[in-house]
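Here is a short tour of one protein chain, written for someone who likes to check distances and angles. Have the viewer open as you read.

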Amino acid sequence: MGSNNLRDEGAIAVCNALKESKVSKLAYLDLEDNGIGADGAKAIAAYCAVSPSLTKVDVRGNGLGEEGKAALQKAIVGRLGFELQLEF
């Protein structure tokens, strides 16, 4: 879903839908270059925290800010092998 101008609202909607899914086994979430800020990053972090199948998230090219980056980093603490791409 990279480069689709989702912004915070779209990222929140996508992550909420994925969290509610009973069948999702998503391993890689590409949200690169979507105009996502701190609020969207928090929604992505919340999804990361509850999705055991997720092993990679790409959020490069967004304006996450320090708060958003910190939320994502905190969400994956202890997830050995998890790949979080924050910067190009």
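Asp33 counts as partly exposed, because its relative accessibility is 40%. This residue is found in the loop between strand 1 and helix 2. Its backbone deserves a look too: Asp33 has a positive phi of about 55 degrees, although it is not a glycine. Asn5, also not a glycine, has a positive phi of about 55 degrees, and Asn5 lies in the segment before helix 1. For background, most residues other than glycine have a negative phi. Please keep in mind throughout that this is a predicted model.

**Charged pairs**

How many salt bridges are there by the rule used here? The count comes to four.

| Arg60 | Glu32 | 3.6 Å |

The salt bridge between Arg60 and Glu32 links distant parts of the chain: Arg60 sits in the loop between strand 2 (56–58) and helix 3, Glu32 sits in the loop between strand 1 (28–30) and helix 2, and the two are 28 residues apart. Glu32 counts as buried, because its relative accessibility is 19% and the cut-off is under 20%. Asp58 and Arg60 are both buried as well. Salt bridges that share partners join Glu32, Asp58 and Arg60 into one network.

Lys42 counts as partly exposed, because its relative accessibility is 34%.

**Rings**

Which lysine lies over the face of Tyr28? That residue is Lys56, at 4.5 Å from the ring centre.

**The nonpolar core**

The largest nonpolar core has 23 residues. Those with the most contacts inside this core are Leu29, Ile44, Cys48, Val57, Val59, Leu72 and Leu84. Helix 1 (7–20), helix 2 (38–50) and helix 3 (65–75) each supply at least two residues of the core, and helix 2 gives the largest share, six residues. As a general point, nonpolar side chains in soluble globular proteins tend to be buried together.

Leaving aside its neighbours within four places in sequence, Leu84 is in contact with Val57, Val59, Leu72, Gln73 and Ile76. Val57, Val59 and Leu72 are also among the core residues with the most contacts.

**Cysteines**

Cys48, another of the core residues with the most contacts, counts as buried because its relative accessibility is 1%. Cys15 counts as buried because its relative accessibility is 0%. The structure as a whole holds zero disulfides.

Conventions
Residues numbered from 1 in each chain as written. Predicted model: local features only at pLDDT ≥ 70, side-chain atom pairs only at ≥ 80, totals over all residues. Heavy atoms only, no water. Disulfide = S-S within 2.5 Å. Buried < 20%, exposed > 50% of the residue type's maximum accessible area, 1.4 Å probe, protein only. Lys NZ or Arg CZ within 6 Å of the ring centre and 35° of its normal. Core = buried A, V, L, I, M, F, W, Y, C linked by side-chain atoms within 4.5 Å. Helix = DSSP H or I, 4+ residues; strand = E, 2+ residues; numbered from the N terminus. Contact = heavy atoms within 4.5 Å. Salt bridge = Lys/Arg side-chain N within 4 Å of Asp/Glu carboxyl O.
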